[in-house]
Amino acid sequence: MLETVVFLCGAAVMILEIAGARVLAPFLGTSTVVWTGLIGIVLASLSVGYWLGGRLADRRPSPRALGGIILLAALSTLATALSKTLLLDFLSTYAAGPHLAVIAANLLLFAPPSIFLGMVSPYAMRLKLASVGQAGRTSGNLYALSTAGSILGTFAAGFVLIAYLGSTTILCLVAGILAVASFLACRADAAGKAAALVLVIFGAAGSASYDRWLADSGFYDVDTCYNRILVFESRDPATNEPTRVMLTHPRHVQSAMYLERPTDLALTFARFFTLADYFSPGARRMLLLGGGAYSFPRHLLATNPEAEIDVVELDPGVTRLAEEHFGLVPDERLRIFHEDARTFLNRNTQKYDVVFGDIFNAHYAVPFHVVTREAAQRVFDALSDDGVVIVNIITAISGKKGRFLRAVRATYADVFPTVALFPLGSPNDTEGMQNVMLVAKKNGPLPDALPSDPELALFVSRKLAAPLADDVPVLTDECAPVERYVTAWW
């Protein structure tokens with residue numbers, strides 16, 4: 001049975017690590033910083049576990065102790081499943097910087113089960129070892145089985161579990177598997193191990209019941225293949241009108257829709273997109289990178305009968321939620337591509353009058369590979385002769401928090417002859433976070449006259465006149481430190 005136990009624990013390690021990235025994403029993002037912290041802490045914890053397991057195995061080698069270690073791994077995994085949201089909400093709000101939040105989150109959530117799982121292989125090896133002459137073969141067999149389990153766990157988590165189960169359910173499943181592995185390691189204390197398994201089952205059932213209760217209340221917490229997404233009803237902070245919103249971060253609205261006038265645009269940056277005709281008169285063919293709840297495409301199709309729009313949205317789950325909750329319906333003038341925006345741009349041969357960029361991960365950062373010089377060149381090539389690109393950026397203007405904006409501006413200016421910035425928040429708050437729209441034109445200048453619509457005229461009047469500091473290099477595929485610029489940590 002030891003071989004089966006080692007195999008299952010090896011699988012649990014990798015399922016825990018991959019699911020861990022999904023647990024962290026809604027609160028801390030999916031940047032390289034998050035992945036580095038997760039991988040580093042799990043590896044460090046496994047190392048501690050190897051050391052502790054070896055020392056304990058030499059002192060008290062017994063199947064009962066091994067079963068106890070695995071049971072502790074199961075219980076600590078269950079604790080992670082039940083405490084993650086509260087803990088991550090606290091850390092994302094109060095931690096002094098994103099790096100500290102990432103380290104603290106991984107230490108508190110994933111280090112304990114990883115330490116216990118790291119103890120399993122050396123302890124099992126000590127139990128299995130019959131003689132010194134077989135030490136090499138025994139250790140090789142057990143490590144091979146552990147690694148084979150990790151391989152299975154990696155593919156199972158990445159290809160199957162995340163696609164069909166929520167992160168809480170996955171963690172409860174891992175805890176249940178470990179409870180069974182604890183019993184297989186030693187059948188002593190069967191009542192306690194059965195109780196632990198029942199606790200895991202009740203935890204998973206309670207989580208599922210809570211999710212159903214939230215859905216019945218109009219609050220949907222959905223794990224897709226790429227995101228954790230929240231959909232619920234709210235009210236517009238300016239008009240108090242009832243709205244439905246979509247979030248990929250618990251505090252930041254990604255998309256919104258007025259319930260009583262669903263084709264009107266509820267968010268300021270989306271209303272700025274309606275300036276497409278102003279920047280590129282007669283625009284008809286448009287491309288939107290990042291679908292969200294498809295608010296702008298629905299508005300465009302409802303108000304402009306001649307317009308056609310292609311939408312590139314990586315996550316099919318986002319599109320499904322837009323269909324279920326935001327009134328997205330098939331339209332012959334709307335084409336949807338479920339793929340990475342950069343991949344789409346790399347193979348694209350179409351010409352567009354306007355390209356909109358509205359791609360973010362959970363922490364305001366635009367994925368680096370869609371804001372490099374090479375990506376900007378792909379956008380340039382995709383535009384018609386009079387075409388423009390409009391990119392939504394959430395950023396400060398000056399200071400460390402404005403480095404990302406200055407880098408993107410420098411990158412587009414390296415490709416496009418005309419680049420302008422339009423802050424949509426307070427024009428006097430240059431160090432606060434706000435939506436800033438970057439507009440770049442393929443040929444010729446941008447128009448000077450103000451639009452007749454008062455709100456659009458206000459948007460245009462906020463054009464940033466002061467030059468930005470030239471303190472950051474152009475972003476390239478080779479070097480694009482987006483996470484460092486966005487976090488403003490150093």
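Axes here are lines fitted to C-alpha atoms, for helices over the stretch in contact, and angles run from 0 to 180 degrees between N-to-C directions. This is a predicted model, where local features need pLDDT of at least 70 and side-chain atom pairs count only at pLDDT 80 or more, while totals for chains, interfaces and linings use all residues. Residues are numbered from 1 along each chain as its sequence is written, and side-chain values use heavy atoms, with hydrogens and water left out.

**View A. Helix 1 packs with helix 2.** Helix 1 covers residues 2–28 and helix 2 covers residues 32–59; their axes sit 10 Å apart at an angle of about 145°. (Helices, H or I of at least four residues, and strands, E of at least two, are DSSP runs numbered from the N terminus.) Helix 1 brings Val13, Glu17, Gly20, Ala21, Leu24 and Leu28 to the contact, and helix 2 brings Val34, Trp35, Leu38, Ile39, Val42 and Leu46. Contact means heavy atoms within 4.5 Å. Sorted by class, that makes ten nonpolar, one polar and one charged residues. (Ala, Val, Leu, Ile, Met, Phe, Trp, Tyr, Cys and Pro count as nonpolar; Asp, Glu, Lys and Arg as charged; the others, Gly among them, as polar.)

**View B. Serine 76 sits in helix 3 (residues 63–94).** Serine 76 is buried, with a relative accessible area of 13%. Buried means under 20% relative accessible area, exposed over 50%, and partly exposed in between (1.4 Å probe, protein chains only). Apart from neighbours within four places in sequence, serine 76 touches Pro112, Pro113 and Phe116.

View C. Two strands pair if DSSP finds at least two bridges between them. Strand 5 (residues 285–289) and strand 6 (residues 308–312) run parallel, joined by five bridges; leucine 288 has valine 311 of strand 6 as its bridge partner.

View D. Nine of the eleven residues in helix 15 are buried, among them Phe404, Leu405 and Tyr412. The buried residues pack against helix 14, strand 9, strand 10, strand 11 and helix 17 (482–487).
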